[in-house]
Amino acid sequence: MLSSKDYRHLYQITAKFTPLAGDCGLLCGKTCCRPGKNNELGMYLFPGEEVMFTRQEDWLLWEEQDPAEQFFPASWPNPVFFIRCTGQCPREARPLACRFFPVTPHLQLNGELLMIYETLDLPYRCPLITQSIPLHQGFISTVEEAWKIMLKDHRIYELVVEDSRYREENNLPVQVVLG
Ligand code: SF4
Ligand code: SF4
């Protein structure tokens, strides 16, 4: 299972690169950082990632949720943490979900790991996904390196396997990110 040391390492290796060499927020007005009309948008932390926060951050709201109700694998600890931000974070503190977007892992049946454009049903349009814009190669490599570490945690591995089979069963696009 990932330790606090692993999470510190993951935060360190993902600190530098962004999806494009420039600011992709200029393409869309930073739509993925908007909290939503009713401040309902947010992201889940991975198991143990909460060690990277003090829970006193004034830019974050915390919610504890039941992993079974949110369809996480049975191995996930209870509670899972759903966090919502104000739309302004100290960049070095942003959670892993933000660091990876819009790339997500897909595990083929033969075990091959692919980095693909996110297929989640989002309440906004990310032009990097909708236009399959090629991403910064350093960003793609870093996200892949991070996922290779994360997949050693069986709970995260199970999530990625379940998401991958769900994509295939529902004919969602498995499109490898362009570099
Ligand atoms: S929605 Fe996509 S293009 Fe816009 S800021 Fe987020 S990642 Fe960048
Ligand atoms: S934590 Fe930061 S990067 Fe993530 S959605 Fe909020 S403002 Fe954007």
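The paragraphs below go through the core, a strand hairpin, the ligand shell and the salt bridges of a predicted model.

Local features in this predicted model need pLDDT of at least 70, side-chain atom pairs count only at pLDDT 80 or more, and totals for chains, interfaces and linings use all residues. Residues are numbered from 1 along each chain as its sequence is written, chains are lettered from A and ligands numbered from 1 in the order in which they are written, and side-chain values use heavy atoms, with hydrogens and water left out.

The largest nonpolar core has 45 residues. A nonpolar core here is a set of buried Ala, Val, Leu, Ile, Met, Phe, Trp, Tyr and Cys residues joined through side-chain atoms within 4.5 Å; buried means under 20% relative accessible area, exposed over 50%, and partly exposed in between, with a 1.4 Å probe and protein chains only. L10, F46, L135, W147 and M150 have the most contacts inside this core. Helix α5 (residues 137-150) gives the largest share, seven residues. Helices (H or I, at least four residues) and strands (E, at least two) are DSSP runs, numbered from the N terminus. For W147, leaving aside neighbours within four places in sequence, the contacts (heavy atoms within 4.5 Å) are F46, F100, P105, M115, I156 and V160.

One of those partners, P105, is among the buried residues of strand β4. This strand (residues 103-107) is mostly covered, with five of its five residues buried. V103, P105 and L107 are buried on one side, and T104 and H106 on the other. β4 runs antiparallel to strand β5 (residues 113-117), and five bridges join the two; strands count as paired if DSSP finds at least two bridges between them. In this pairing V103 stands opposite Y117. β4 and β5 form a hairpin with five residues between them, and G111 in the turn has a positive phi of about 95 degrees.

Which residues lie around ligand 1? They are C24, G25, C28, K30, T31, C32, F101, C126, P127 and L128, where a residue counts if one of its heavy atoms lies within 4 Å of the molecule. Helices α2 (25-28) and α4 (127-130) are the elements that give two or more residues to this shell. By class, the shell has seven nonpolar, two polar and one charged residues. Ala, Val, Leu, Ile, Met, Phe, Trp, Tyr, Cys and Pro count as nonpolar, Asp, Glu, Lys and Arg as charged, and the others, Gly among them, as polar.

Side chains of opposite charge can pair when their charged atoms come close. The structure holds five salt bridges, each a side-chain nitrogen of Lys or Arg within 4 Å of a carboxyl oxygen of Asp or Glu. One of them joins R84 and E63 (3.2 Å, N to O). R84 lies in strand β3 (residues 80-85) and E63 in strand β2 (residues 60-65), so the pair ties together parts that are 21 residues apart in sequence. R84 counts as buried at 17% relative accessibility, while E63 is partly exposed at 30%.

Another salt bridge joins E144 and K148 (3.8 Å, N to O). Both lie in helix α5, four residues apart, about one helical turn. E144 is partly exposed, with a relative accessible area of 24%, and K148 is partly exposed at 48%.

In helix α6 (residues 154-169), R165 and E168 are three residues apart, about one turn of the helix. Their closest N and O atoms are 2.9 Å apart in a salt bridge. R165 is buried, with a relative accessible area of 19%, whereas E168 is partly exposed at 29%.
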